[in-house]
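Subject: Handover of a structure

Dear colleague,

Please find the structure below, together with its sequence. A short account of what was found follows it.

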Amino acid sequence: MEERTDQHQSSFSRGLDVLIAITRSGQATIAEIAEELAIPQSTVYRYVRTLRRYALIEEAQGAYLSGWRLMDLAGQHLPHTRLVEVGTSYLQELTRLTSETSVIAVRAGSQGLCLRQVVSPHPERHTFCVNQLLPLHAGAGQRLLLAHAPKPIVELVMTRLTSYSANTPGREELPSLLAQARRTGFAVSESEFQPGAVAVSVPVVTHGEVACSLTLAGPTSRCASERWKLRALRLLRTAATDLGHDLDLDLDKISDD
């Protein structure tokens, strides 16, 4: 019995070693992990397969990187909590001014995550579920997060694009749309993920990093005009600047403490 327990502990420790090797390097191949840990590649592959099943790591063109669940378990809940605490009042004001749904989304590995939303009072509206996982390539808020994601994440997303409608960006269009989002500082989508939905999104930057996307979304019957999109963009940019400033102050206060 004691020998079996020792074997389980050794197996568990080796699995953790594989996970740590991947997170420390940012991304690593089976061969690189095997060399670092001095274990057979077949052994590494066995642990990688289990780690992938639990979404602790993801595969991107032969290399492995941290998955969305690991990021959540590794402490992302703290900045997410602060985003909700500080950002909810901005969402409420955006929805009050426009009567449309406002959303804060963050990146969780190779997927987007609806962190918080304030729903439109109209019966006809477009919403997500809080904590709903979203594709990074489809929809203005998610695509904006992908535009500022590390290269391995972009490459991973590009290998598994799913079409949700005729307007969902494909392999040919996506790179130029990401470059455009970085250049202009905003993104617009129409029926890319949800049919009949129009969305305008901007990034919220804190201490030089994109913390989240801030989005206004509604049905084409109310939100397809250029006038609506321009007004939404103006309101979003003001809110994103102020929210980023508040988050900067918040982080500075934590650092001082």
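Strand 8 is largely enclosed by the rest of the structure, because nine of its 10 residues are buried. Buried here means under 20% relative accessible area, exposed means over 50%, and partly exposed lies in between (1.4 Å probe, protein chains only). Helices (H or I, at least four residues) and strands (E, at least two) are DSSP runs, numbered from the N terminus.

Please note that this is a predicted model, in which local features need pLDDT of at least 70 and side-chain atom pairs count only at pLDDT 80 or more, while totals for chains, interfaces and linings use all residues. Residues are numbered from 1 along each chain as its sequence is written, and side-chain values use heavy atoms, with hydrogens and water left out.

Strand 8 pairs with two neighbours; two strands pair if DSSP finds at least two bridges between them. Strand 7 runs antiparallel to strand 8 and is joined to it by four bridges, with Ala187 opposite Ser201 of strand 8. Six residues lie between the strands of this hairpin, where Ser191 takes a positive phi near 55°. With strand 9 (residues 209–219), strand 8 forms 10 bridges, again in the antiparallel sense. Val202 has Leu214 in strand 9 as its bridge partner. The hairpin of strand 8 and strand 9 has two residues between the strands, and His207 takes a positive phi near 50° there.

Turning to the aromatic rings, a search of the whole structure finds two aromatic pairs. Rings of Phe, Tyr and Trp (its six-membered ring) pair if their centres lie within 6.5 Å; planes under 30 degrees apart count as stacked, over 60 as edge-to-face and the rest as tilted. Phe128 and Phe193 form a tilted pair, with 6.3 Å centre to centre and 40° between the planes. Phe128 lies in the loop between strand 5 (111–118) and strand 6 (133–135), and Phe193 in the loop between strand 7 (187–190) and strand 8 (197–206), so the pair ties together parts that are 65 residues apart in sequence. Phe128 is buried at 16% relative accessible area, and Phe193 is buried at 18%. Tyr164 and Phe193 form an edge-to-face pair, at 4.9 Å centre to centre and 85° between the planes. Tyr164 counts as partly exposed, at 34% relative accessibility.

Yours sincerely
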